[in-house]
Amino acid sequence: MTDARDTFLDAVRAGDADHIRALLAADPGLASVRDQAGLSPIMLATYRGHGAVVEALRTAGTPLDVFEAAAVDDADRLRELLDADPALARAWSPDGFTALHYSAFFGGLDGAELLLDAGADVDAVARNDFKVAPLHSAAAGRAKVALLLVRRGAIVTTRQQAGFTALHSAAQNGHVELVDALLAAGADPDGRNDEGVSAADLAANAGHAAIERTLRRAVAQPQ
């Protein structure tokens, strides 16, 4: 079984959907294996952006757990799980995240709302070296989820690994509405990461001149 599991997980990591379908046809139980870190095939494929692999795995019919449902934003499955056990909204994955982290990172707006309504901790800090809260995960590129988290009371000044805040990420990625929302919620416009870099510096380096001006005005005219 170990050799079959390793072959299967290698195919998942490689994004080889055809090989995965063939392996599952021979042994459907492979859909339930885990890697050495405890991650499921669906999580491995989702992390790598292998959509065809995720589809092949879901077609195999293995029920999604709360982390998988959040990662692929399957709202119906997530609602089913949370209705049966609301405590899942605050559970931790093998790699140190909550389901809300996955909704934030992968952009699952419906899932994020369900998890928050079920009692998910909007400010949960990842139990790994990244030290991210869900807002950090969303601000890296999922502005709609980030805006939801801000509306739901996320602490906007929390720092992740290397001292970055959500404002740093929003500015670097050019999310004007999110930058405005973070500032309105109390984000420090002149906050620096561990290397002394501000959000305005990142906006300037990324070519987001309007955001840079907004941030520098906010620094010059503190509320």
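**Exercise 1. Determine which helices each supply at least two residues of the lining of the largest pocket, and which one gives the most.**

Step 1. In this predicted model, the helices in question are α7 (99–106) and α9 (134–139), each of which supplies at least two residues of the lining, where helices (H or I, at least four residues) and strands (E, at least two) are DSSP runs numbered from the N terminus.

Step 2. The greatest contribution comes from α7, with three residues.

Step 3. The lining comprises 13 residues, and F97, F105, F130, V132 and S137 lie nearest the centre of the pocket. A pocket is an open set of points on a 1 Å grid over the protein atoms alone, where a 1.4 Å probe fits, with protein on both sides within 12 Å along at least five of seven lines, and lining residues have an atom within 4 Å of a point.

Step 4. Sorted by class, the lining has seven nonpolar, five polar and one charged residues, with Ala, Val, Leu, Ile, Met, Phe, Trp, Tyr, Cys and Pro counted as nonpolar, Asp, Glu, Lys and Arg as charged, and the others, Gly among them, as polar.

Step 5. The space in this largest pocket is about 290 Å³, the volume being that filled by probe spheres set on the points, which are joined across faces, edges and corners.

**Exercise 2. Describe how α6 packs against α8.**

Step 1. Helix α6 (residues 75–84) and helix α8 (residues 109–117) have axes 9 Å apart and pack at an angle of about 10 degrees; axes are lines fitted to C-alpha atoms, for helices over the stretch in contact, and angles run from 0 to 180 degrees between N-to-C directions.

Step 2. α6 is therefore roughly parallel to α8, the term covering angles under 35 degrees.

Step 3. The two helices cross in a right-handed manner, meaning that the near helix is turned clockwise from the far one by less than a right angle.

Step 4. On the α6 side A75, L78, R79 and L82 meet D110, G111, L114 and L115 of α8, contact meaning heavy atoms within 4.5 Å.

Step 5. This contact of α6 with α8 has five nonpolar, one polar and two charged residues.

**Exercise 3. Describe how α10 packs against α12.**

Step 1. The axes of α10 (residues 143–151) and α12 (residues 176–184) come within 10 Å and cross at roughly 15 degrees, which means that α10 is roughly parallel to α12.

Step 2. A143, A146, L147 and V150 of α10 make the contact with E177, L178, A181 and L182 of α12, and by class it has seven nonpolar, no polar and one charged residues.

**Conventions.** Residues are numbered from 1 along each chain as its sequence is written, and side-chain values use heavy atoms, with hydrogens and water left out. Local features need pLDDT of at least 70 and side-chain atom pairs count only at pLDDT 80 or more, whereas totals for chains, interfaces and linings use all residues.

Methods:
Angles under 35 degrees count as roughly parallel, over 145 as roughly antiparallel, 65 to 115 as roughly perpendicular and the rest as oblique.
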